[in-house]
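Here's a quick tour of the voids inside a protein model, plus a look at some annotated spans. Have the structure open while you read.

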Amino acid sequence: MKGVPWKSLNSETTDILNMLKLADKRTELVKNLSGGMKRKLSLGIAIIGGSKVLFLDEPTSGMDVEARRNVWDALLEIRYNRTIILTTHYMEEADVLGDRIAIMAEGEVQCCGSPMFLKQKFGTGYHLHVVKDVSFDLNALMSLINKFIPEVTLGNELEKEISFVLSTNTTSGFGEMFEELENRKAELGVISFGITITTMEDVFLNVSNISDIKYKLRSDTEKENGVHIEDEDVFGDSPGLKPHPNPLNQFIALLLKRFHYSKRHWSILVAQLAIPFVLMCLCLFIIKSDGQQYRFEIDSLKLDIYSVYGATDGFYYEENPQLSRLAKTLKDVYESNQINVEKVPNPTHYVLDYGKKDISKYLKSFLVGGAVDQYSNGTLNLTAWFNGEPYHASPMSLLLMHTALLRNITNTGSISLTNSPFPELRLYIAQGSDVIIRVLAIVFVPLAFGFLSASFTLVPIHERATKAKLLQIMSGIPAALYWIAMFFWDLMVHCIICILMIIPYAIFVHYAFFGIHSEAMGASLLLMLLYGWSSIPFSYLISFMFKKGSTGFSAVVGICVLIGVGCASILKIIQAVASPSKSVDRAVWVFRLFPTFSLASGMSSLYGVAFYNAFCESVPPYDLEFHCNSPTMDKSNPLFKCCKDICGDNCHQVIYPIQWDKNSSGQDMLFLFIDGIIYFGFVLFMETKAMATLLQIARLHFQKIRKSVVGQIIQENIVEDSDVLEEEERIRNLSATHPGSNGEALVVSDLTKLFKNFYAVNHLTFGIHQEECFGLLGVNGAGKTTTFRMLTGDCYPTEGNAFIQNCSLNTNLKKFQSHLGYCPQFDALIDRLNGREMLMLFGQLRGLTGSDLHEKVEKLIKMTDLTKHADKQTQFYSGGNKRKLSVAVALIGSPPLILLDEPTAGVDPVSRRKIWNILSQARNNTGAAVLLTTHSMEESEALCNRLAIMVNGRFRCLGSIQQLKTKYGRGYTLIIKLKREDQNDYKIMNTIKAHVQGNLNGADLKDDHQGMLQYHVVDPSVTLSYLFKFMSNMKTEFELEDYLISDTSLEQIFLTFARAQRI
């Protein structure tokens, strides 16, 4: 599409795939690619075809650090001959890739320039990080720093680390300061130290603060505090003081959730009612239309000769002149009825001659005639002639003669004649109608209610697939309460629909289900309600098998069609037409385990009984009287038993609709009741530890079989880190002496998860201190999310255990879960609820009530910047707002341990900082500890007291950030920026490069672009003091615009370990 020549298309495609490291996925379907790979592929589509201008909208969103670095490398490779316009929430991405960076707010550009220019103008300077020894002297260190750099402020202080913010206005004094610090480390109690430069994130936050004040978006309090939000207590709980959940409040909260969901998803409610209603109307309409006819009625016919037979021939006879007036009137009457009339001397001869000429015309057209004569005594003699072949010629001829006589007397008027036959008695009435009614019930009723049953799978599947159910269970509600509330709401909806189903009965077959036969309506309603009682838990059980609501819906409808319509109709027909068979009866009992079969069977029997009972009422009273008074009525006529005056002992006997009989619905009703108890019991059993144990035993057994077939489990050769081993030893000693967590927020012991033939998590052992933020880093597939899934009860560990206080993950999962707040990797939000309703729901489930609940919800909404969006449905939230709400859900109720799986992915830097501040409050005010996974190295540095890098399910290193930098960091990053007028002067550029290479050992040039030189100095003999002195002299000698020096970044350490991750 971009015009790449056919001959070079394959090679260019291969180059792009290689550049983006997607070559091994060349033949993979796009739908099977991970999210990160899809982002890479989207980038490839933009690059291919030699596009000179690239618009990239957050190209690395959702990628891990290594994948993001691969994309950066690809973009750095092509940037020399392309113009790239890029948007991003990752400030480091902007820093690495951007030659110029613009920051926008309220639709306007607030600032624009090179990264170095923006850092100089809006940055906060250098950050000095010091790892403390037991003899650390803060006052002495502060006086040392102040001696060289007057503008210094104390930054963040942790248990083993402290940081200072140093102004960049006096970089000339940095060399001497670092030299003295290196010489006096032991005296000051400093183990090691390092330096980082201001980041683009600091720049963004400062610019954001300025723009907010400019647009008056912040309050005065916030203006004073800069980017820091109001230091308001969101939690208000003393450490250890937790609300006590009330099961009744939790039950009400779960019902409110379903109410809000239903009122906004009204299309499901309409479908739940409309489909059963239409199908039931159709079924009953067919039954009504197919009802018996007990007499034949023939429509009346007006005997007008012309309208019945058209134009015809006729004659008249008159020999007496005194009667000529009457004869002329008769002729006029004939002619007015389109009869071609002729006066004849002899009617008999004329008729015979007419027939001889054309017998066919005689039979069709020669219909009437008239003779006017007088007896000798003066009496008038009128003779109406008619053709005996046409059925109605006789009365028509008489009519015409009488009309002529009337007009002769009155000169006006007319006579009309209508033939309206009596109803004809039906001599034979079919006996097989009840079979048709039963089959119609089997076909339509389970189909109608099948769609209703299937709709009850949608919410459980959605909540399980999005992990919203897991979060609700983790909030402290028993699984039984969750399902009881779900069942209560769905049964209530089912009951309302059943009551509305009375309407089709009233419209079409009221005679069989109302009045003296109202017990049939009661039985029908009871059968429908019992079907709901059993089919709803059956649908819940089916929902466990599927991950998509549409698939679960289709499965339940399929079962209803196959079992309810197919099997039930076959077995009922066999029972009706064949001789009794025990095997058929046994099959019926077995299939009654399916609620849809019991409904079909019960309704079939009920309809049969109901329409049998209403047999006499189905005959119109006039028809019944007509038949009963017929002289041909006898016992062979089915209506005989309805004739109360003559039936005697053979009168129609009514059968009660609910009986213990195979032709009645009693057995089916009992089975529906029993099915409901069995299936709901199964649903509750699915949530128990026993079920999990059975599944685990089955998996272990399967793994043993697979090991013997596939081979041994893959074992990685791991070089263990001393700090990791020390942590494992500490936890083992702790577990040996004190069971439980013994003062730790979380103790994890030998936690293991085996998938197929490799360890996703491999004997993980560590502890998290109270109020500590512990970071878990690792590329996608390292085992971070699997660790979280085990700790939250989403999957069960193959081996190992974990403890919070005295609660064990293995033996007391529900209580263990209730101590956790969890923000999963993908937002576990109920899409039809708004943000406020989500927080109210989880607050109530955690035990908050009344004003306390409302107050905390409002504070959390304010803290997470969701005030404008609090009343929007969460399905309409942006990705960043969904993450904010997920964090708020994890925090509400002040759980003692908060698990956050990439909490700020896709969140803008200002909101990210606010989330960081909220997490700090949670730790400080409630004593909560935080276990965090993230792809943002800056987030790790901002929040984590300690962190571990995870590779192939094991920790490869563990400690504070500066500890890791000291232990694993290699050298420094040096950035030199030339003045604008020197940027294109290759002579000056080459002189500077030569000077650096000749005087700075181990300086490796990493990038040269637009007057910026970036070096990585890896020689361990080069100290910070030497580097600052060297660059201070060089800045003066070469008139450089500026330079920046920083430690090896955490990201570089991370990438060193990440390369060992299996693919």
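## Ground rules

This is a predicted model, where local features need pLDDT of at least 70 and side-chain atom pairs count only at pLDDT 80 or more, while totals for chains, interfaces and linings use all residues. Residues are numbered from 1 along each chain as its sequence is written, and side-chain values use heavy atoms, with hydrogens and water left out.

## Annotated spans

An unreviewed UniProt entry puts "transmembrane region" features at several spans, including 435–461 and 552–577 (such annotations may be inferred rather than shown by experiment). Residues 552–577 are 100% helix (helices are DSSP runs of H or I, at least four residues), with end C-alpha atoms 36 Å apart. For 435–461 the figures are 93% helix and 40 Å.

## The largest cavity

Seven cavities of 30 Å³ or more turn up. A cavity here is a set of points on a 1 Å grid over the protein atoms alone where a 1.4 Å probe fits but cannot get out, and lining residues have an atom within 4 Å of a point.

The largest has a volume of about 140 Å³ (the space filled by probe spheres set on the points). Its 15 lining residues include Arg-258, Gln-272 and Val-459, which are among those nearest the centre. Helices 11, 12, 19 and 21 each supply at least two lining residues.

Note on methods
1 Å grid on protein atoms, 1.4 Å probe; cavity = no way out; pocket = protein on both sides within 12 Å on 5 of 7 lines; lining within 4 Å.
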